[in-house]
Amino acid sequence: MPSTSIKILPKIFTYQKADKLKSRKQTQYLFAKGQSMNAFPIKLIYTIESVEQLSAVLPSPFLNLADIKENGQLQAGVGAPSRTFRKAVLRNRVKRLLREAYRLEKPAFIASKPFQGFRVNLFFLYTDATILSSADIQDKIKQLLMRLSEKFNTISKA
RNA sequence: CUACAAACCCGAGCUAUCGUGGUAAGCAAUUACCAAGGAAAGUCCGGACAGCAUAGGGUAACCCACCGGUGAACAGCCGGCGUCCUCGCAAGGGGGCAGAGAAAGUGCCACAGAAAAUAACUACCUCGCAAGAGGAAAAGGUGAAAACGUGAGGUAAGAGCUCACGAAUAAGACAAGUAAUUGUUUUAUAGGGUAAACCUUGGGUGCUGUAAUGCCACGUAAAGGAACGCUUGAGAACGACUCGUUCAAGUUCCAGGGUAGGCAGCAAGACUUCAUCAGUAAUGGUGAGGCUAGAUAAAUGAUAGUUUAGAAACAGAAUCCGGCUUACGAGGCUUGUAGUACU
RNA sequence: GGUCCUGUGGCCGAGUGGCUAGGCAAAGCUCUGCAAAAGCUUCUACAGCGGUUCGAAUCCGCUCGGGACCU
C-alpha cells in the first residue's frame, strides 16, 4: 500500500501559517530596517537579528523571546505590486509562484544553518511586469537563499 | 458551404507526486469532507442588516416622470398605449424612445437672411411728376427652422376676412377599455424650436456604512500649549441652512504618546434543483430533494501524464441579496444578412 | 471597502453650445564667413462609443486611462 510509505516520509516542504510573515507591524519594521538583495526580477528584503538585539529594540509583549532562543524563527512573505500588475488574477498568480518556489527551496536553506537564538524575516518582491516560468523563479529563489545563507554565516560568527 | 452579426447552453474531466484555507474527529501524529464567477469586475441603481437620530415647520439639495402588472424594493423585468426609424406593393414584421409641461415666466437660436418672434427686403395696391407716405402679407429668395394646406368667395391689392373639405392643439360630453389611450361629436384657438437651458407641475428621499457595530485582552500622558466658555450659555443633538425644541460645563484645535491582538458580526438564504398548478408574460403557489467558500499581508497552486479537433478566453469572493452595464475562448443550436456552387 | 476630481498637438495650457487661442519643442527658409539670437512658414489635437440639439471640446449616459481623499 502506498499510503503507509507516505506516512513514513517527514513533512518538510510546507508553507503554513507559522511560516508566514503576518503581523502588520512586523512587516513595516522589516521594510524600514531591512537590507535587500536582487536577483532580477525578484528582490529580497530581509532582517537577521539575535535575541539580544531584539530585546533592545522591540520590548513588545507579543514577542515570544524564549521560543526564539530555543527554536529560532523564520518567517517570509511575498508581494506583487498592484502598480505593475493591475489585475488581481495576475497578482495572485505571481504570489503563488513565489510561494511555491520558496516552499520547495526552504528545507535546503534550513539545513544549511541552525537558527537557535535568531529571528529571520524575509520578503520577496516581484519587480518586473512579465511573469517568468515556475522553474526560472525557483532558480532565482535558490540563488537568493544561498547568498543569504553566506551572509547569515558571517553575521552569526560576529 | 463560407464569412459576419445577434440570442441561448457550456465555462473541462481523470491519474500521480509535493502543497494551501476551513470544518469535524483525535492527547497527538494524522484522517475524512468541502473550497471562487458568469460576470466574483465597474460601483450605475434598488434593498436587507447595523449604529446614531426620531419634535417638528420653512428653504435649499438630490432623485423619479405614458399606463397597468410584477416584486422586499428599483432608473430593473413583463404586457399594453403613443411616437420615431426601418423592411415590405400591401397585410404586417423588426428595432429604438431621459415618453410630464414650450398655451406660467425668463434666457438662447452662430453664419445667412428684410425679419429668428411686437415681422416686411424685392415684388403687389392706393396717393404722388418724383422723393416718399400709407395699406396688405398671397409670390420670390436665405436658413436647421419663416407665422395651417387645397379650392371658391371677397378686395384697390390682399389676408381664416368668410365658406367647403382636410390637418393640428386645448377643453367638455358620449361610447369602448382597470388605465394610458382610441373613436364620434361640440366649442375655442392659430402661440417656431430648445426643459439632456433656468424653470413649473406632480410624486419621493433621515445620515453613515460590516474597516458599521458589540465584547474581551494589552498599553499610554487624567501630563503640555492655544482659543472660547461656565446660566449674561461655549458647545452638542435633530443630515445642510434657518426658525424652533432639548441637553449643557466643559468644548475645539496644535504638538506629542500608546495600541494596531482576539471573539462575535460571518455564512441556511427575498437560496437553489426538479415536478406540477395559476398567469399572454415577468412572476407566484404547492410538493419532493440539496447544503453549496469564509480568508484577514488574505486560501484552489506547481510539475508530469492522459482523454479530445483544442485546454486555451475574460477574469479571483472579502457583509449579503435583486437588477443594470461592460469584458470573453472553443464547440453546439437557432435566426438574420452577404457571397459562391448546384437544381 | 467607500467617496470625489480629471483627460484638448511631442510638452504646458486657454476655451460659459456656433471656425479649437497662445507658449515651448521639432522641421524648413531668411539673415551670417559659420553659428547663436531674431523673423517667416509648416507640422501635429478635443480619451473612446452612443444620445439630446439645426449644430457638442462644452449638455447627458456608458466605457477606458490618470490622480486625490476617507477608513
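Buried residues make up 37% of the 158 residues in chain A; buried means under 20% relative accessible area, exposed over 50%, and partly exposed in between, with a 1.4 Å probe and protein chains only. This is a predicted model, in which local features need pLDDT of at least 70, side-chain atom pairs count only at pLDDT 80 or more, and totals for chains, interfaces and linings use all residues. Residues are numbered from 1 along each chain as its sequence is written, and side-chain values use heavy atoms, with hydrogens and water left out.

Chain A holds 6 helices and 4 strands, read as DSSP runs (helices H or I, at least four residues; strands E, at least two) numbered from the N terminus. Their order from the N terminus is α-α-β-β-α-α-β-α-β-α.

The largest nonpolar core has 30 residues, of which Leu122, Phe124 and Leu148 touch the most other members. Such a core is a set of buried Ala, Val, Leu, Ile, Met, Phe, Trp, Tyr and Cys residues joined through side-chain atoms within 4.5 Å.

In helix H2 (residues 24-33), Gln26, Thr27, Tyr29 and Leu30 are buried. They lie on the same side of H2 because they cover an arc of only 160° around the axis, taken from the directions from the helix axis to the C-beta atoms. Arg24, Lys25, Gln28 and Ala32 are exposed on the other side of H2.

Technical notes. Chains are lettered from A and ligands numbered from 1 in the order in which they are written.
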